Amino acid sequence: MAAQNSPSEISPCNDTSTTTSPASPRPESRPPVSLQQPSNKKGSSKSSKMFRRFRSVFRSFPIITPVCKIPINLHGHDSHIHGGTRMTGTLFGYRKTRVNLAIQENSKCLPILILELAINTGKLLQDMGLGLVRIALECEKRPSEKIKILEEPIWTLYCNGKKSGYGVKRDPTDEDLMVMQTLHPISMGAGVIPAEATENPDGELTYMRAHFERVVNSRDSETYYMMNPDGNSGPELSIFFVRVG
């Protein structure tokens with residue numbers, strides 16, 4: 001296992017791995033974090049103070065179980081490929097708690113985004129097993145604040161058109177980094193990290209990781225389309241970030 005990098009030793013990462021093993025990792029103890037900084041990583045986000053204001057309120061919200069009723073489109077992703085940037089996306093969480101979304105440049109980089117979504121982890125993964133899932137994250141434009149769309153602190157969340165609570169951006173926790181480090185050899189796959197590795201009383205942690213195509217439509221709109229290997233007819237997931245108003 002590589003030793004943990006100091007801030008002065010961290011360099012932009014280049015993903016040369018072709019690993020696609022879906023096997024569930026089973027480390028005996030928490031590995032040291034050796035993830036690299038993303039190539040476009042800058043200083044702390046301007047939204048940090050606003051995030052802290054919202055976090056305590058968000059934690060008091062109930063988990064809303066979405067009812068996804070949009071018909072499955074078996075050809076949906078064929079029309080979505082627009083030559084965007086390939087990213088790594090991971091959904092993870094304990095089955096009875098809120099799901100988290102991590103976006104990375106690749107599996108060996110620190111996440112550029114961690115979102116906590118007010119959707120039950122088990123329910124979302126169950127819906128994905130049934131077919132197409134579309135998650136829309138919407139917030140209001142604030143012309144006075146010139147921040148990138150992924151730095152927005154709080155979003156209204158919709159699952160397949162049904163309002164499902166909120167999504168909140170947060171800084172990576174020690175547990176988030178443990179998950180990303182444990183999964184860094186895996187570019188695609190789904191499984192569980194056992195309870196003895198997470199050291200969490202909620203039990204084993206469920207994850208699903210895939211490549212996503214990032215399409216920047218404008219400074220106020222980005223979309224992430226899950227890329228199924230070899231164009232097969234597996235689960236489909238699209239995530240939309242939109243600023244409105």
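I began at N200 and listed its contacts (heavy atoms within 4.5 Å). Leaving aside neighbours within four places in sequence, N200 touches Y94, E175 and A195. The model is a predicted one, where local features need pLDDT of at least 70 and side-chain atom pairs count only at pLDDT 80 or more, while totals for chains, interfaces and linings use all residues. Residues are numbered from 1 along each chain as its sequence is written, and side-chain values use heavy atoms, with hydrogens and water left out.

Next I looked up where N200 sits. I take helices (H or I, at least four residues) and strands (E, at least two) as DSSP runs, numbered from the N terminus. N200 falls in the loop between helix 4 (195-198) and strand 8 (205-218). I then looked for polar contacts, which are pairs of N or O atoms within 3.5 Å; within protein, one atom must be able to donate a hydrogen and the other to accept it, and residues adjacent in sequence count only if both atoms are side-chain atoms. The side chains of N200 and Y94 share one, at 3.5 Å.

**Confidence**

I checked pLDDT, the predictor's confidence in each residue, from 0 to 100. The average for the protein chain is 77, and 67% of the residues score at least 70. Residues 1-12 stay under 50, and the model gives them 18 contacts beyond four places in sequence. Residues 16-22 are also below 50, with 13 contacts beyond near neighbours in sequence.

**Strand 2**

Is strand 2 enclosed or open to the outside? I used relative accessible area: buried is under 20%, exposed is over 50%, and partly exposed is in between (1.4 Å probe, protein chains only). Seven of the seven residues of strand 2 (residues 98-104) are buried, so the strand is largely enclosed by the rest of the structure.

I went through the two faces in turn. In a regular strand the side chains alternate between the two faces of the sheet. On one side of strand 2 I find R98, N100, A102 and Q104, on the other V99, L101 and I103, and all of these are buried.

Which strands pair with strand 2? Pairing here requires that DSSP finds at least two bridges between two strands. Strand 1 (residues 85-94) runs antiparallel to strand 2, with five bridges joining them. A hairpin of three residues connects strand 1 to strand 2. Within this pairing I noted T90 opposite A102. Strand 3 (residues 113-120) is also antiparallel to strand 2 and is joined to it by six bridges. There, I103 stands opposite L113.

**N120 and helix 2**

I followed strand 3 to N120, which lies in it. N120 has a relative accessible area of 17%, so it counts as buried. What does its side chain reach? A polar atom of the N120 side chain lies 3.3 Å from the backbone oxygen of R95. The backbone nitrogen of K123 is 3.1 Å from a polar atom of that side chain. At the start of helix 2, a side-chain oxygen of N120 comes within 2.9 Å of the backbone nitrogen of G122.

I then listed the buried residues of helix 2 (residues 121-130): T121, G122, L124, L125, D127 and M128. Just after helix 2, G131 has a positive phi of about 150°.

**Aromatic rings**

I paired rings of Phe, Tyr and Trp (its six-membered ring) when their centres lie within 6.5 Å; planes under 30 degrees apart count as stacked, over 60 as edge-to-face and the rest as tilted. The count is three aromatic pairs. W155 and F241 form an edge-to-face pair, 5.3 Å centre to centre with 75° between the planes. This pair links distant parts of the chain, with W155 in strand 5 (residues 154-159) and F241 in strand 10 (residues 236-244), 86 residues apart. Both W155 and F241 are buried.

Y225 and F240 are another edge-to-face pair, 6.3 Å centre to centre and 90° between the planes. Y225 is in strand 9 (residues 221-227) and F240 in strand 10, 15 residues apart. Y225 is buried at 9% relative accessible area, whereas F240, at 23%, is partly exposed. I also noted that ring pairs link W155, Y224 and F241 into a cluster.

**Cysteines**

How many disulfides are there? I looked for pairs of cysteine sulfur atoms within 2.5 Å and the count is zero. C139 is buried at 8%, and C159 is buried at 0%.
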